Amino acid sequence: MVTYNIFRLSLRRSVVFITGTVLFGLGIWWLNSLPGLYNFWQGYVIDSDIGTFFCEYTDMSKIIRQPINTFSNIVYLLPGLAILRRGWKDQGRHDRYNLVSANPFYSITLGGILLYIFCASTFFHSSLIGFASKLDFSAVYSLSLFPLMYFSHRVWLLVIGVPSNVKHTKSTVTVITVASVLYILLTFFLPHGTENYVVLSIIVVIAIFGFVVETRDRGRTNHRYLLVSIGCIAMAVMWFAFDIYKILCVPDSYIQPHSLWHLFAGISVFYFYMYIRSEKNRI
């Protein structure tokens, strides 16, 4: 069984991780301490209830209106860079042992998605303006479509009997095209108020395709990674609901329900990548 790990925490990587996290937090504190940046977002279009929508106390006069929810986005940045770097290196590999190593675009795409989520969510929780909210939702759509793209690809290859570590141009181009079209439709044409239902529908389809893959082609992946990923996304959804309905809400706390949503969602994505990376060749 492949137990590939992009985070063998060497001293150098540990230092980079800790330093990056500390600098990001200090940057937020420094920006909010500059009087010249007060009311920076004044005049931009916002939702009427955005100041009280999240549990975290929101100071609408600051440039970083929600420091805790903004800071927690660091969980997307560092794994995103690591996965992107792994995908870039995979382009020169010759020992292709699964769908991800045979198609480096999966790693490059997921790394890019995580970086996009970091930027979009940081922008949104800093500003809370309407345009940033649309970017934040589009990032969620891109992330939810990634496992759908992966499992659709695996199911297709199973149906036609092609090993997943062999490049199959038609299936690759098709799943990328369909995922791109869905992303555009969800981002620009989805009626307001239907976002959560659409994401839930995507999750149901992912679960069905994942079940097909694991029952028809069992024993080729490390299920522990998948179970951790599923458990973390369930915890993330729970904290998201807690934030919306103000359960265990302490507005001035350094630990916010929405920041825990970011944390568990980021961990879930990381372990999903570990899961798809763990796929081994058929014997």
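Buried means under 20% relative accessible area, exposed means over 50%, and partly exposed lies in between. The exercises below apply these cut-offs to a predicted model.

**Exercise 1. The disulfide**

Find how many disulfides the structure holds, which cysteines are joined, and what handedness results.

Solution. 
- Step 1. The count is one disulfide.
- Step 2. Its partners are Cys55 and Cys249, with an S to S distance of 2.2 Å.
- Step 3. The pair links distant parts of the chain, 194 residues apart. Cys55 belongs to the loop between helix 2 (50–53) and helix 3 (67–71), while Cys249 belongs to the loop between helix 10 and helix 11.
- Step 4. The torsion about the S-S bond of Cys55 and Cys249 is about 105°, so the disulfide is right-handed.
- Step 5. Cys55 is buried at 4% relative accessibility, whereas Cys249 is partly exposed at 25%.
- Step 6. Cys119, at 48%, counts as partly exposed, and Cys232, at 11%, counts as buried.

**Exercise 2. The surroundings of His262**

State where His262 lies, whether His262 is buried or exposed, and which residues His262 touches.

Solution. 
- Step 1. His262 is part of helix 11 (residues 257–277).
- Step 2. The relative accessible area of His262 is 2%, so His262 is buried.
- Step 3. Leaving out residues up to four places away in sequence, His262 touches Asn69, Ser72, Asn73, Val75, Tyr76, Ser121 and His125.
- Step 4. With Ser121 there is also a polar contact, side chain to side chain, at 3.4 Å.

**Exercise 3. Asp217 and its partner**

Place Asp217 in the fold, class its accessibility, and name the side chain with which Asp217 makes a polar contact.

Solution. 
- Step 1. Asp217 occupies the loop between helix 9 (195–216) and helix 10.
- Step 2. The relative accessibility is 8%, which means that Asp217 counts as buried.
- Step 3. The side chain of Asp217 makes a polar contact with that of Arg154 (3.2 Å).
- Step 4. Asp217 and Val159 are 58 residues apart in sequence, and their C-alpha atoms are 11 Å apart in space.

**Exercise 4. A nonpolar patch**

Identify which residues form the nonpolar patch on the surface, then examine Phe17.

Solution. 
- Step 1. The patch is formed by Phe17, Ile18, Val22, Leu23, Leu26, Trp29 and Trp30.
- Step 2. Together these residues have about 800 Å² of accessible area.
- Step 3. Phe17 lies in helix 1 (residues 11–32).
- Step 4. At a relative accessible area of 45%, Phe17 is partly exposed.

Terms used
Residues are numbered from 1 along each chain as its sequence is written. This is a predicted model: local features need pLDDT of at least 70, side-chain atom pairs count only at pLDDT 80 or more; totals for chains, interfaces and linings use all residues. Side-chain values use heavy atoms; hydrogens and water are left out. Helices (H or I, at least four residues) and strands (E, at least two) are DSSP runs, numbered from the N terminus. Buried means under 20% relative accessible area, exposed over 50%, partly exposed in between (1.4 Å probe, protein chains only). A polar contact is a pair of N or O atoms within 3.5 Å; within protein, one must be able to donate a hydrogen and the other to accept it, and residues adjacent in sequence count only if both atoms are side-chain atoms. Contact means heavy atoms within 4.5 Å. Patches are made of residues with over 30% relative accessible area and no salt bridge: like charges are joined within 9 Å, nonpolar side chains (Val, Leu, Ile, Met, Phe, Trp, Tyr) within 5 Å. Accessible areas come from the Shrake-Rupley method with a 1.4 Å probe; for residues, only the protein chains shown count as cover. A salt bridge is a side-chain nitrogen of Lys or Arg within 4 Å of a carboxyl oxygen of Asp or Glu. A disulfide is a pair of cysteine sulfur atoms within 2.5 Å.
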